Amino acid sequence: MTQLSQANLSRLQIEVPEYDRSTVRPAVVHFGVGGFHRAHQAIYLDAILSSGDLGWGIVGVGVMPADRAARDAAHAQDCLYTLVTTDPQGEQTAKVVGSIVDYLYAPDDPTKVVEVLASPSTLIVSLTITEGGYGVNDVTGRFEPSDELTLSDLASTEIPRSVLGLLTEGLRLRRERGIAPFTVVSCDNIQGNGHVARTALTTFAREKSADLADWIAAEVSFPCSMVDRITPVTTDETRQSLFNSYQVEDRWPVRSESYLQWVLEDNFPLGRPDLAAVGVQLVEDVEPYELMKLRLLNASHQAMSYLGILAGYNWVHDVCRDPDFVAFLSRYMHTEAIPTLRPVPGVDLDAYCNQLLARFGSEAVRDTLARQVVDASERLPKFLLPVLREQLDTGGAIDCCTLVLASWSLYLEAHTDADAPELVDRRKDDLLQAVLQESTNPGALLDFAPVFGELGTNERLRSNYVALRAQLLSQGARALLSTWAGSANQTR
Ligand SMILES: NC(=O)c1ccc[n+]([C@@H]2O[C@H](COP(=O)([O-])OP(=O)(O)OC[C@H]3O[C@@H](n4cnc5c(N)ncnc54)[C@H](O)[C@@H]3O)[C@@H](O)[C@H]2O)c1
Ligand SMILES: O=P(O)(O)OC[C@@H](O)[C@@H](O)[C@H](O)[C@H](O)CO
């Protein structure tokens with residue numbers, strides 16, 4: 001058994017960083033060092049460091065109370081961690097990643113975070129702070145934050161605590177000191193993530209100083225990106241299995257599929273590492289790639305999860321090995337999502353969909369439906385509702401999207417029981433209130449404007465939803481999807 005640390009690297013039987021970590025110079029500050037950052041961007045930068053360019057180390061920053069555990073784990077093992085990937089054949093590979101060279105928990109010393117942001121050596125700030133971290137309303141596109149840290153920073157002149165507050169203060173100091181601003185790269189699953197980051201930061205900054213906001217709007221670059229690697233939540237089972245397979249004791253491991261993709265707009269005024277050399281696709285327009293990924297991959301996660309839970313499943317791979325669910329997902333992809341996409345340079349969409357179904361079906365990735373349904377009220381509007389809106393506008397098929405909404409509604413209804421487990425959604429009280437109205441006002445959930453905007457007034461959607469919800473209630477998810485799959489076979 002070997003405890004992971006810099007001093008113990010040579011004793012490990014798995015791949016470890018060969019570069020001299022003591023000479024790595026940090027140039028990237030990353031907010032939200034969760035599983036995904038460590039399985040994705042930190043891996044690309046680890047490859048850059050391994051290529052001999054030691055100028056691109058990462059300083060991780062956490063701002064949320066839950067990030068205390070990451071701080072403790074990171075500090076206990078010199079910010080090293082193990083990534084275990086599994087390929088479609090179930091083959092596992094483990095490697096220790098060295099690109100994160102420091103971890104700052106902002107509440108411990110927010111001034112230090114601001115000074116790192118203001119330092120001329122910081123060239124890029126990247127973000128994986130979840131969809132909820134930006135405070136930009138999906139329906140209106142306006143900055144309407146609701147998280148406690150951002151709201152308290154907006155109201156106070158004290159040292160900031162939120163990501164937007166810290167970035168604004170760091171940029172204010174850079175401007176005051178005559179230092180050019182860093183580039184902000186959002187790596188969250190949000191369409192136009194660079195534009196959303198720009199809206200969030202400039203609107204926040206405007207509340208502090210109009211001059212500063214104008215400077216940020218004119219000078220800061222916010223390249224958009226499409227990011228992809230399925231990364232389940234790290235659990236004790238992840239730690240135990242790493243220990244059993246490789247005898248590494250690691251408090252902070254991460255597990256993901258082997259698939260890896262990053263499509264990025266090339267707009268880095270202060271420079272960037274040679275990302276193309278390590279597999280990043282640098283493009284002028286990320287949008288076709290984003291739409292493909294959000295509407296096919298992320299929306300399919302939504303499409304399978306509420307129905308899957310109603311059918312009694314827990315794991316993504318189990319749902320995606322059930323032929324009736326596979327038929328449903330395939331129908332969603334081909335008849336509802338793909339008609340809303342633009343051609344994607346170099347991508348065969350049929351092959352992409354087949355590959356997705358294979359990725360979802362990989363047992364070794366062990367991804368849960370529970371991970372997909374957290375904060376559904378943030379995810380459905382970003383992933384699935386844009387497809388539904390476009391299909392309604394063009395008179396296209398909407399049955400699959402509507403069935404997903406009906407299944408969400410029954411999933412919510414199950415949480416109205418006093419002894420049901422707690423719904424994990426920041427709008428949970430309003431959602432449960434809305435779904436309780438369904439018995440007297442069919443379609444009431446669709447009237448919940450923060451999620452659906454004006455969609456509730458669409459007669460075609462509403463009548464379809466009411467009918468499919470009733471069918472789902474009377475037949476159950478398994479029987480209904482089996483009927484759908486049966487009628488699809490008959491029409492072939
Ligand atoms: N996990 C994946 O498969 C995957 C793949 C592609 C993209 N992503 C993107 O990465 C994001 C993070 O995923 P993850 O798997 O790392 O999740 P995670 O829960 O492991 O980490 C999320 C991080 O974001 C921080 N955070 C959450 N809300 C915040 C807020 N309001 N302000 C500041 N920080 C906040 C958390 O404290 C944590 O550090 C996702 O929301 C998604 O947009 C994830
Ligand atoms: O992480 P979210 O909330 O954006 O979405 C949940 C999953 O769909 C997502 O994490 C995927 O696993 C990921 O986007 C794959 O690249």
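**Close-up views of a predicted model**

By class, the shell of residues around ligand 1 holds nine nonpolar, eleven polar and five charged residues (nonpolar means Ala, Val, Leu, Ile, Met, Phe, Trp, Tyr, Cys and Pro; charged means Asp, Glu, Lys and Arg; the others, Gly among them, are polar). This is a predicted model, in which local features need pLDDT of at least 70 and side-chain atom pairs count only at pLDDT 80 or more, while totals for chains, interfaces and linings use all residues. Residues are numbered from 1 along each chain as its sequence is written, and chains are lettered from A and ligands numbered from 1 in the order in which they are written.

**View 1. The surroundings of ligand 1.** Here 25 residues surround ligand 1 (each has its C-beta atom, placed from the backbone, within 6 Å of the ligand). The closest are Gly32, Gly34, Phe36, Met64 and Asp188. Helix H1 (residues 35-39) gives the largest share of this shell, three residues (helices are DSSP runs of H or I, at least four residues, and strands are runs of E, at least two, numbered from the N terminus).

**View 2. Where H10 meets H13.** Met292, Leu296, Leu297 and Ser300 in H10 meet Tyr352, Cys353 and Leu356 in H13 (contact means C-beta atoms, placed from the backbone, within 7 Å). By class, this contact has six nonpolar, one polar and no charged residues.

Definitions and conventions: Two residues are in contact if their C-beta atoms, placed from the backbone, lie within 7 Å.
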